[in-house]
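Visitor: I am new to this structure and would like to learn how to read it, one feature at a time. Could you show it to me and then take me through it slowly?

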Amino acid sequence: LILIDLNIIINFFYSLVSYLNSNSLFSLILIFVLFTLRSISIIIPVLPGTIFSVAAGFQFGFTQGLVIIFFADFISCSISFLLARKLGRNYISRLLGTKQMRKVESISQDYLEKNYFLMTALLMSGFFDFVCYAIGLTKITWKRFMPALIFSILISDSPFVASGFAARKIKDIGLENFLQKILNGELDMISGNYLFLFITSFLIIFTLAMINIFLNKRAKIIK
């Protein structure tokens, strides 16, 4: 039985990543791979897509990583929206399968069409890929969908990209120094800050959505 020190494997991995980072051709290939896999995981929501956001942050840093994931999400979510809008419910059902289609149909069209805040909040959730198809099946216009999509991508992707960036920082400066810098507020682009931003934004938008639903129901009762 041969025992391999885990630290040796980890150090080898980081050394390999550092070496490959110096190769511009590899960087371009990796950008294409991350972009493609992230896009596929949204258009066909079978693969877990979060890992690609973390990988982008780890490999390319927060800013570049977020740019890669942003465009992958924006293009793939737009494709999902347009597929549902142009080809209809039957095509989406064949594409996703019966089980996945149930998730799309479980999202209330009435709430999505009448409640912009709820639509934005749902786009920030973990099942945003299904939400894009659901929105495409409603009467919501592209112009109304696009600002909510852009805002939700920036807010919801930031914590995951930042966590990958933070993991790289831990290796570079050590865990103890990393934690100390967090406590001192010396690191701006860490997962904690962006996770807080994500949670706060989601709660605010979701609260506004619930208020909107309450007011709409109250107005119907008064009528």
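**Reading the model**

Guide: Let us begin with Leu47, which is found in the loop between α2 and α3; helices here are DSSP runs of H or I with at least four residues, strands are runs of E with at least two, and both are numbered from the N terminus. This is a predicted model, in which local features need pLDDT of at least 70 and side-chain atom pairs count only at pLDDT 80 or more, while totals for chains, interfaces and linings use all residues. Residues are numbered from 1 along each chain as its sequence is written, and side-chain values use heavy atoms, with hydrogens and water left out.

Visitor: Is Leu47 buried or exposed, or does it fall in between?

Guide: The general idea is a scale of relative accessible area, on which buried means under 20%, exposed means over 50% and partly exposed lies in between, computed with a 1.4 Å probe on protein chains only. Leu47 has a relative accessibility of 40%, so it counts as partly exposed.

Visitor: Which residues does Leu47 touch, apart from those up to four places away in sequence?

Guide: Contact means heavy atoms within 4.5 Å, and by that rule Leu47 touches Ile40 and Ser41, when residues up to four places away are not counted. The C-alpha atoms of Leu47 and Leu37, which are ten residues apart along the chain, are separated by 8.4 Å.

Visitor: Where is Ser41 found, and what does it meet?

Guide: Ser41 is found in helix α2, and it is buried, with a relative accessible area of 2%. Leaving aside neighbours within four places in sequence, Ser41 is in contact with Val46, Leu47, Gly49, Phe52 and Asp129.

Visitor: How many helices and strands does the protein chain have?

Guide: The secondary structure of the protein chain comes to ten helices and zero strands. Of its 223 residues, 40% count as buried, and among contacts with a separation of 6 or more, 76% are between residues 24 or more positions apart.

Visitor: How should I read the span of a helix, for instance that of α2?

Guide: One compares the distance between the end C-alpha atoms with an expected span, which is 1.5 Å times one less than the number of residues. Helix α2, with 20 residues, reaches 29 Å from its first C-alpha to its last, close to the 28 Å expected. Helix α3 (residues 50-96) spans only 19 Å between its end C-alpha atoms, whereas a straight helix of 47 residues would span 69 Å.

Visitor: Where does α3 bend?

Guide: A bend at a residue is the angle between axes fitted to the seven residues ending there and the seven starting there, and α3 bends by about 130 degrees at Gly61. Just after α3, Gly97 takes a positive phi of about 95 degrees.

Visitor: How many residues of α7 are buried?

Guide: Nine of the nine residues of α7 are buried, so this helix is largely enclosed by the rest of the structure. Buried residues of α2 include Ser27, Leu30 and Leu34.

Visitor: Where is Leu137 found, and how far in space is it from Arg85?

Guide: Leu137 is found in the loop between α7 and α8, and at 18% relative accessibility it counts as buried. Leu137 and Arg85 are 52 residues apart in sequence and 5.6 Å apart in space, C-alpha to C-alpha.
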